[in-house]
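Trainee: I want to learn how to read salt bridges in a model. Can we work through one together?

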Amino acid sequence: MIEKIIQYGKVLFLILLVQPSYAETVDAPKVYKFDFGSGKVASGYVAVNHKSIYGCDKDYGFICESEIITKSRSGRNVLTRDFITSDAPILFMLKIPTGRYKVTVTLGDPKGESETTIKAESRRLMLENVKTKYGEVVTKTFIVDVRSPLLNEYKQIWLNARETRFLNWDNCITLEFNGACPCVSSVKIEPAGDLPALLLTGDSTVTDQEYEPWAAWGQMITRFFNSQIVVANYAQSGETLKSFREEGRLDKVLKELHQGDYVMIQFGTNDKVPGKYHVEPFSGYKEQLKYYIDTIRSKGGKPILVTPIHSRSFTEEGEVVNERGEYPLAMRETAKEEQVPLIDLHLMSEKLFKTLGPEGAKNAFVVYPANTFSGQENPLSDAVHQNSYGAYELAKCIIQWIKDHDMELSSYVLDDFSTFNPYSPDCFDDYRIPLSPSINLNKPLQR
């Protein structure tokens, strides 16, 4: 299956770095409506079929090499009787101004069954394995944050060399239609309005990891919130509390922050590394956390501290080794002193990894034998970074903590989330989130 995804779903990175942004050159309509398929086009919609390729003369279309199949059925509903499908991931791109968008998709086959997973931008999980019965057509809505690195007309945040190629920063919205049998008949994209936002800050264990097989909880947590809140993930690999400030990333968060928005803060993996951005847990680390808290509050935001995740490290007796030192304790102290809500992911991840055990925990991290992926001559064995399954389980830990502690964010959790116990995690063999086509075997940046 992995080889098939790589072969038929390779992303064409059409990053048009030399062109001015769409927002600066085009008066964009407020609503974008696309009718997928080769049949008659619904009134007010733009036709999109297998020949609609992004780039050149089109600012919308597909950017993948997979074979896109169009199918038409009989029926009176012009919008839903034809659709696109494929046996590999489909990536659809639209050049669009930065902003927050409500995306409404119509899924299903009037003469068959379907199963569709949708990710957005840099692999943010939006819809998970939406199944339709024979003849069933459903409509789903989710919110996508489309961002820009700009701070103002003259300044932007510092992007590392790898980031400049990421789909999060390309002046477009990218939707990935994936799954056992994706069937998409229409997509409507419109401004989301003044929704509250959850902004994420942190490092590689939080960020939207661009490439398989790497993943982080920040790009999975989007799946568990409803369409009444925006999740905007500004975390980035290798960051510390100090570097995040120095590179203008905190300024960007503050620029996008509105009264009543929430900001999650998770650092502590890289802050202990000696060097320019090192801070001691009970001095510099706490001082930096207090600075974040004060500046977020000054803008009317609501800070939430998240303790750093454990690594995949065990004693001979199967106990989880704390490689985060005293940083989690320092964060807990800060939360009490500043009266800030705390999500103890350090504690939750300990429960999760201890339950999985030294061998089972490998299923949650980037640990793969040689030749699992095309061009992978050597085994992958990472003890810090999660894969899709591990990130998904950690996102569930956070959601469960939110519900257990009746935090304000609990009102935005989707109804289909029932309960999660890290002592009884999802079975790895039953996990079914399909791989995205973008694969890179290089480890995410670390200090």
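Trainee: Are lysine 252 and glutamate 256 buried or exposed?

Mentor: This is a predicted model, so keep that in mind. Buried means under 20% relative accessible area. Both lysine 252 and glutamate 256 fall in that class: they are buried. Their side chains meet in a salt bridge, 3.1 Å from N to O.

Trainee: Where do lysine 252 and glutamate 256 lie?

Mentor: Both sit in helix H4, residues 249–256. They are four residues apart, about one turn of the helix.

Trainee: Which parts of the chain does the pair of arginine 73 and aspartate 109 link?

Mentor: Start with the contact. The side chains of arginine 73 and aspartate 109 form a salt bridge at 2.8 Å, N to O. The pair links distant parts of the chain, 36 residues apart. Arginine 73 is in the loop between strand S4 (69–72) and strand S5 (82–85). Aspartate 109 is in the loop between strand S7 (99–108) and strand S8 (114–120).

Trainee: What is the relative accessible area of arginine 73, and what is that of aspartate 109?

Mentor: Arginine 73 has 23%, so it is partly exposed. Aspartate 109 has 5%, so it is buried.

Trainee: How far apart are the closest N and O atoms of lysine 362 and glutamate 359?

Mentor: They are 3.2 Å apart, in a salt bridge. Lysine 362 is partly exposed at 29% relative accessibility. Glutamate 359 is exposed, at 56% relative accessible area. Elsewhere, salt bridges that share partners join Lys286, Lys290, Glu333, Glu337 and Glu338 into one network.

Trainee: How many salt bridges does the structure hold?

Mentor: It holds 26.

How values were computed: Residues are numbered from 1 along each chain as its sequence is written. This is a predicted model: local features need pLDDT of at least 70, side-chain atom pairs count only at pLDDT 80 or more; totals for chains, interfaces and linings use all residues. Side-chain values use heavy atoms; hydrogens and water are left out. A salt bridge is a side-chain nitrogen of Lys or Arg within 4 Å of a carboxyl oxygen of Asp or Glu. Helices (H or I, at least four residues) and strands (E, at least two) are DSSP runs, numbered from the N terminus. Buried means under 20% relative accessible area, exposed over 50%, partly exposed in between (1.4 Å probe, protein chains only).
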